[in-house]
Amino acid sequence: MNEITLFYATNNKNKLHNMRYRLKDYPIKILSPNEVGLHLEIDENGNTAIENALLKATAYYEVLNMPTIAGDSGLYIEGISAEKQPGLYVRRVAGKVLTDDEMIDYYANLEKSTTNDCFIHYFTGIALITSKGAFTKEIKDSPLKLSSIPNSNRKHRGNPLDVISLIEDGRYFNDLTDEERVSLEQKGEQEFVDFIVSNVMKLVSN
């Protein structure tokens with residue numbers, strides 16, 4: 001089967017790594033904005049993660065005219081008040097865009113300030129645009145426990161909060177291998193792969 005090129009509207013190296021890892025068994029080649037020399041300023045003013053993903057995917061598709069995928073995510077934290085919920089603005093607090101370390105410290109202190117355990121629930125909106133049309137999906141990850149004590153290892157795959165997120169056995173999420181991460185999120189990962197592969201493969205079906 002011929003390889004299909006899929007443009008991924010992100011320059012986040014870790015997100016690109018994760019996408020390529022997910023699709024490693026399929027004839028799908030991933031390209032990024034850096035690799036095609038195209039960088040668009042997109043006003044992500046949607047009300048939902050899916051709306052923002054559609055804005056990004058549409059903007060790049062209209063220029064490149066190649067299958068394009070984009071994503072946006074949000075976060076709900078069980079155990080904190082409604083006014084402190086990050087929603088779509090996980091990295092922005094009081095109008096300020098936080099650095100990785102500021103983000104880790106802010107949410108660690110937020111957990112420390114509560115009397116109950118905080119569990120974080122991620123949701124991701126995905127938009128894929130091809131010559132067959134626009135396709136969208138929302139995927140919800142399994143909850144993780146928020147820790148007030150950051151991991152001494154602050155390396156992560158694109159999400160700083162992995163440094164203060166604990167899985168059921170007490171390990172930090174950012175210490176997991178690719179295989180362990182995929183296994184933990186098996187249902188969501190499979191939904192993600194099935195969504196992409198089924199729609200991309202329509203391009204070569206009769």
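Reader: Quick one on Tyr106: buried, exposed or partly exposed?

Author: Partly exposed, with a relative accessible area of 29%. Keep in mind that this is a predicted model.

Reader: And Tyr107, buried or exposed?

Author: Tyr107 is buried, because its relative accessibility is 2% and the cut-off is under 20%.

Reader: How are the rings of Tyr106 and Tyr107 arranged?

Author: Edge-to-face. The ring centres of Tyr106 and Tyr107 are 4.9 Å apart and the planes are at 85 degrees, so they pass the cut-off of over 60.

Reader: How many aromatic pairs are there by that rule?

Author: Two aromatic pairs. Phe7 and Tyr60 form a tilted one, 5.0 Å centre to centre with 40 degrees between the planes.

Reader: Where do Phe7 and Tyr60 sit in the chain?

Author: Phe7 is in strand β1 (residues 4-8) and Tyr60 is in helix α3 (residues 49-64). The pair links distant parts of the chain, 53 residues apart.

Reader: Which residues have the most contacts inside the largest nonpolar core?

Author: Leu75, Ile77, Tyr107, Ile120, Leu161 and Ile164. That core has 21 residues.

Reader: Which elements give two or more residues to it?

Author: β3 (68-78), α4 (100-112), β6 (119-130) and β8 (144-146). Helix α4 gives the most, with five residues.

Reader: What about a second core?

Author: It is separate and has 20 residues, including Ile4, Ile30, Phe192 and Phe195.

Reader: Switching to charges. Which charged end sits over the ring of Phe192?

Author: That of Arg22, 4.2 Å from the ring centre. Likewise, the charged end of Lys24 sits over the ring of Tyr21, 5.3 Å from its centre.

Reader: Now the whole fold. How many helices and strands?

Author: Six helices and nine strands. The radius of gyration is 18 Å, close to the 17 Å from the globule rule for 206 residues, so the chain is as compact as a globular protein of that length.

Reader: What does the C-alpha trace span?

Author: About 60 × 35 × 25 Å along the principal axes.

Terms used: Residues numbered from 1 in each chain as written. Predicted model: local features only at pLDDT ≥ 70, side-chain atom pairs only at ≥ 80, totals over all residues. Heavy atoms only, no water. Phe/Tyr/Trp six-rings, centres within 6.5 Å; stacked < 30°, edge-to-face > 60°. Helix = DSSP H or I, 4+ residues; strand = E, 2+ residues; numbered from the N terminus. Buried < 20%, exposed > 50% of the residue type's maximum accessible area, 1.4 Å probe, protein only. Lys NZ or Arg CZ within 6 Å of the ring centre and 35° of its normal. Core = buried A, V, L, I, M, F, W, Y, C linked by side-chain atoms within 4.5 Å. Rg over C-alpha atoms; globule rule 2.2 N^0.38 Å.
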